[in-house]
Amino acid sequence: MGTQAFFRQVLAAIAEADRNGLVSDKGSSVLGGLSGRATVGLLQRLVGLVEDRKSLCYLEIGVFQGLSLLSVAIEHPEFACFGIDNFSILDPKGENLGIVQDRTRRLAATNAHLINRDYEAALEHLPEHIGARKVAVFFIDGAHDYRSQLMALLLIRPYLSERAVIIVDDANYFDVRQSTRDFLVSHPEFKMVFEAYSPGHPANLDDSTRETHEAGWLNGVNVLVLDHENVLPVMLPRVEPLARDLYVNEWLAHRHRFAELAPQALDLAAAVLNGSDMVGPTDRITGAYAKDKAKFDARLADRNLHCAGLPARRFTEWE
């Protein structure tokens, strides 16, 4: 199959997922999670396009409770599917690993493999987990900060197949779109072929609107393909004018003694500015401070460089 024919197949798969959502609901009695049905349906369809079923695989970052990983795995039981997650976020009770393992067992998804590591460590040593396989479909749904998104795109590059498709989830977040755009302009062999967004985060939508987007692309997606022959037009996600100010503010926050308390500090600031009850926000920030008091107290008030132990100079060991 030629490159252009493959691109037409990808676009057709996107259109079909947009219309019909999931390929099937065979795992619906077991699975639940935070992905739109069109998004999961697209993953299922894209894996169905893979011709080499032995030397290629599906890979995702951000397993959560297994919805996307297991939906793909049970739809294509002969195809190797891998999910990276160390369950460090969105798991306040520490239950998600057990939920994924239980669902995998109940669905008999023996081709679904969990890589329980930090995503960077996993991607830097990916052959340890997937062997000599290349990645045909790559789904990014992990931490949505700018650096995590960009590093996922950069680190996967050596392991992508020649007809790889990348699906970036939660593209409604401006920092996700910014990282996708920065990757595309610096790696012109990749092209975006589809984007879809909702009018807001699901948590901020009314019930009817949220249900509509749960059936679709939920919190937004960007779909990228490898285009070595440069046959596709350049298409970039829109980024926000305010983003640069926020990134500069990150530099101010990260060097501060209490950098890790920034989310709690914003909640407290909101309570002060809104004239609302400050007890809850105050308790959260003092509790977080008390948990790591020794670490915070050992720092300077500002301009913490975290540079202890860095070498004064170091040369390569190459002869």
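**View 1. Helices α11 and α12 pack against each other in this predicted model.** The axes of α11 (residues 262–274) and α12 (residues 279–291) come within 9 Å and cross at roughly 155 degrees; axes are lines fitted to C-alpha atoms, for helices over the stretch in contact, and angles run from 0 to 180 degrees between N-to-C directions. Helices (H or I, at least four residues) and strands (E, at least two) are DSSP runs, numbered from the N terminus. The crossing angle makes α11 roughly antiparallel to α12 (angles over 145 degrees count as roughly antiparallel, under 35 as roughly parallel, 65 to 115 as roughly perpendicular and the rest as oblique). In α11, Q264, A265, D267, L268 and A271 meet P281, T282, R284, I285 and A288 of α12. By class, this contact of α11 with α12 has six nonpolar, two polar and two charged residues (Ala, Val, Leu, Ile, Met, Phe, Trp, Tyr, Cys and Pro count as nonpolar, Asp, Glu, Lys and Arg as charged, and the others, Gly among them, as polar).

Residues are numbered from 1 along each chain as its sequence is written. Local features need pLDDT of at least 70 and side-chain atom pairs count only at pLDDT 80 or more, while totals for chains, interfaces and linings use all residues; side-chain values use heavy atoms, with hydrogens and water left out.

**View 2. A243 lies in helix α10 (residues 243–254).** A243 counts as buried, at 2% relative accessibility (buried means under 20% relative accessible area, exposed over 50%, partly exposed in between, with a 1.4 Å probe and protein chains only). Leaving aside neighbours within four places in sequence, A243 is in contact with F174 and Q178, where contact means heavy atoms within 4.5 Å. The C-alpha atoms of A243 and D175 are separated by 7.4 Å, although these residues are 68 apart along the chain.

**View 3. F194 and W217 form one of eight aromatic pairs.** Rings of Phe, Tyr and Trp (its six-membered ring) pair if their centres lie within 6.5 Å; planes under 30 degrees apart count as stacked, over 60 as edge-to-face and the rest as tilted. Here the centres are 5.0 Å apart and the planes are at 55 degrees, so the pair is tilted. F194 lies in strand β6 (residues 190–196) and W217 in the loop between α9 (207–214) and β7 (221–226), so the pair ties together parts 23 residues apart in sequence. Both F194 and W217 are buried.

**View 4. F258 and F296 are paired edge-to-face.** Their ring centres are 5.6 Å apart, with planes at 65 degrees. F258 is partly exposed, with a relative accessible area of 31%, whereas F296 is buried at 1%.
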